[in-house]
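Hi everyone, thanks for making time today. Please have a look at the model on the screen, and then I'll walk you through it.

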Amino acid sequence: MTKKSILVARAVFPEVLERLTQHFEVESNQADTIWPREEFIRRLQGKSGVFTTGGERIDADLLKACPDLKICANMAVGYNNFDVPAMTAAGVLATNAPDVLTETTADMGFALLMATARRVSESEAYLRAGQWTKWSYDMFTGTDIHGSTLGILGMGRIGRAIAKRGGHGFGMNVIYHNRSRLAPELEAQVNAKYVSKTDLFKQADHIVLVLPYSAENHHTVAAAEIALMKPTSTLINIGRGGLIDENALAVALQANKILGAGLDVFEGEPKVNPALTALKNVVLTPHIGSATVPTRQAMANLAADNLIAYLTQGQAKTPLNTL
Ligand code: GLV
């Protein structure tokens, strides 16, 4: 039987590529070139599947131009790069990479929270610049994490893993808001209290955004929400950049309306709003929420599993749509 052809849109672990080549004719991109869209579409011609990494937009126009495509496998849990209804209409399966990155991403949420609340980046930059000449009682005073109120916006798997860290590890009082309230047994497991979005912004000492991004929650945190926050509070985003109105956040940080922000994701990434990079009270990381070797390997293998299982047996492991 002739092998089906697939495209791997970005560089990936060689061993994962090797697994894929056992099943498919593989066109890869180990040079990790960011292909212009026309080139991506051209390379997709004759391909039954594509391995994407979250940055490649799959929409109705692309699907129309790529009639051979049967599956798009994202090496990411977020899939806002996929127009899933358009994919369903075109008979193309969408898969993502859930679960395998939950704990690692929750760790990163906590890393950003702690770095922001305790001003780690700002004080390190001061030290490296040779400005540290004496100890003083109010030098880089931040805000406490232990015993404070943690507000989680978006209580999916990662939100719940963050709630456990906060409640069990740091004795935090955990409140959350989500599109739908958790089932009582799940709520009890994470010991978190459901509140309105407004109460979350008013009551929390630290807010972590972990909800999936869609057009409906674009700028779900804008000037009005930030205005509700305590002056000693922090805002952490490990979801998607579009959840926050970055200009409104920059204005608030500039005026010290909140203590600080920790951001791993950005609206125009990899470009970062210069209004943010100009500020000291924001910790900025380049979308590394799931970036540990074992987790990235597990994500890549799950995307590969989906391609192999669907194109050879008609059944994917983590489908997002039903055809
Ligand atoms: C990363 O942002 C992911 O969605 O996996």
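The protein chain has 13 helices and 12 strands, where helices (H or I, at least four residues) and strands (E, at least two) are DSSP runs numbered from the N terminus. Before going further: this is a predicted model, where local features need pLDDT of at least 70, side-chain atom pairs count only at pLDDT 80 or more, and totals for chains, interfaces and linings use all residues. Residues are numbered from 1 along each chain as its sequence is written, and side-chain values use heavy atoms, with hydrogens and water left out.

Now the overall shape. Along the principal axes, the C-alpha atoms fill a box of roughly 75 × 50 × 35 Å. Of the 323 residues, 48% are buried, meaning under 20% relative accessible area with a 1.4 Å probe, protein chains only.

Which residues surround the ligand? They are Ala 76, Val 77, Gly 78, Leu 101, Arg 240, His 287 and Met 299, each with a heavy atom within 4 Å of it. By class, that shell has 4 nonpolar, 2 polar and 1 charged residues; Ala, Val, Leu, Ile, Met, Phe, Trp, Tyr, Cys and Pro count as nonpolar, Asp, Glu, Lys and Arg as charged, and the others, Gly among them, as polar.

Look at the ligand's oxygen atoms next. Arg 240 brings a polar side-chain atom to 2.8 Å from an oxygen atom of the ligand. On its own, the ligand has 200 Å² of accessible area, and the protein covers 85% of it (Shrake-Rupley method, 1.4 Å probe; for residues, only the protein chains shown count as cover).

Last stop, Thr 149, which is in strand 6 (residues 149-153). Is Thr 149 buried or exposed? Its relative accessibility is 13%, so Thr 149 counts as buried. Its side chain makes a polar contact of 3.0 Å with that of Asn 173; a polar contact is a pair of N or O atoms within 3.5 Å, and within protein one must be able to donate a hydrogen and the other to accept it, while residues adjacent in sequence count only if both atoms are side-chain atoms.

Methods. Buried < 20%, exposed > 50% of the residue type's maximum accessible area, 1.4 Å probe, protein only.
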